Amino acid sequence: MYLIDGHNLIGTNLLGFGLDDERDEDRLVQMLIGFSSGSGRKILVVFDRGLPGGRYIRTSLVTAVFTSRPGIADDQMRREIEAVRDPTRWKAVSNDAEVRTAAARRGMQTLRSHEFARLLLTPGAGSALRKGARHKPPQDDAPGSRERPVIPPKEVEELQRLFEQPRPPRKRG
């Protein structure tokens, strides 16, 4: 299971889109659904300043939490770290040293966002994780090198419904 700081992951600029993309959260959630469908692992991704604050998006394996104010994703990550029942089954993905330290104290494995981005982009990584194999991250980030995930139609419809809602403009700076 993975606990991920979504904007840290998008900010790696390894995924083919960045924080300046209006649909960055949508695109990341779709990638995570494909990854989790292959691996069978649950993912909780936390965003700050995404869709209207406090909103949740939930599929069978991926839950996205949108915090209400900018800069509090790290606080939400720390709350989630403290709340998990079996921390040894979780991996925390964040660039924030305090978040990774809190996770390590609870026995979670930790990854920096660029490390998880490389895993996410590894062709077949999700399926290999389900089978228990260990994957090496790719050495290059060639566009189109990832296999196309299969997303259940019900989850696609739910995501389309949620992300087609008007978004408030982002404040940059």
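The structure is a predicted model, in which local features need pLDDT of at least 70 and side-chain atom pairs count only at pLDDT 80 or more, while totals for chains, interfaces and linings use all residues. Residues are numbered from 1 along each chain as its sequence is written, and side-chain values use heavy atoms, with hydrogens and water left out.

The secondary structure consists of seven helices and six strands; here helices (H or I, at least four residues) and strands (E, at least two) are DSSP runs, numbered from the N terminus. Read from the N terminus, the order of elements is β-α-α-β-β-β-α-β-α-β-α-α-α. The protein has 173 residues, of which 47% count as buried. In this classification, buried means under 20% relative accessible area, exposed means over 50%, and partly exposed lies in between (1.4 Å probe, protein chains only). The accessible surface comes to about 9400 Å², and 48% of this surface belongs to carbon and sulfur atoms. Accessible areas come from the Shrake-Rupley method with a 1.4 Å probe; for residues, only the protein chains shown count as cover. Among contacts (heavy atoms within 4.5 Å) with a separation of 6 or more, 53% are between residues 24 or more positions apart.

Strand S1 (residues 2-5) is paired with two other strands, where pairing requires that DSSP finds at least two bridges between the strands. Four bridges join S1 to strand S2 (residues 43-48), and the two run parallel. Within this pairing, Asp 5 stands opposite Val 46. Three bridges connect S1 with strand S5 (residues 91-93), again in a parallel arrangement, and the bridge partner of Ile 4 in S5 is Val 93. The side chains of S1 point in two directions: Tyr 2 and Ile 4 point one way, Leu 3 and Asp 5 the other way, and all are buried.

Ile 4 also belongs to the largest nonpolar core, which has 26 residues. A nonpolar core is a set of buried Ala, Val, Leu, Ile, Met, Phe, Trp, Tyr and Cys residues joined through side-chain atoms within 4.5 Å. The members that touch the most other members are Ile 4, Leu 15, Leu 28, Leu 32, Phe 116 and Leu 120. At least two residues each are supplied by S1, helix H1 (6-10), helix H2 (24-39), S2, S4 and helix H5 (113-121). H2 gives the most, with six residues. Leu 3, by contrast, is included in a second, separate core of 15 residues, together with Trp 90, Ala 92 and Ala 102. When residues up to four places away in sequence are not counted, the residues touched by Ile 4 include Leu 9, Leu 32, Val 46, Met 77, Val 93 and Phe 116.

Met 77 lies in helix H3, where Ala 73, Asp 74, Gln 76, Met 77, Glu 80 and Ile 81 are buried. These residues are on the same side of H3, because they cover an arc of only 160° around the axis; the arc is that of the directions from the helix axis to the C-beta atoms. They pack against S1, S2, strand S4 (62-67), S5 and H4. The face of H3 turned away from this buried side carries the exposed residues Glu 82 and Ala 83.

Five salt bridges are found in the whole structure, each being a side-chain nitrogen of Lys or Arg within 4 Å of a carboxyl oxygen of Asp or Glu. Arg 78 and Glu 98 meet in one of them (3.9 Å, N to O). This pair links distant parts of the chain, with Arg 78 in H3 (residues 73-83) and Glu 98 in helix H4 (residues 97-105), 20 residues apart. Arg 78 is partly exposed at 24% relative accessibility, whereas Glu 98 is exposed at 55%. Salt bridges that share partners join Asp 75, Arg 78, Asp 96 and Glu 98 into one network. Elsewhere, Asp 21 forms a salt bridge with Arg 27, with the closest N and O atoms 2.6 Å apart. Asp 21 is buried, with a relative accessible area of 18%, and Arg 27 is partly exposed at 37%. In the salt bridge between Asp 26 and Arg 23, the closest N and O atoms are 3.1 Å apart.

Asn 13 lies in the loop between H1 and H2 and is exposed, with a relative accessible area of 57%. Most residues other than glycine have a negative phi. The phi of Asn 13 is near 60°, a positive value in a residue other than glycine.
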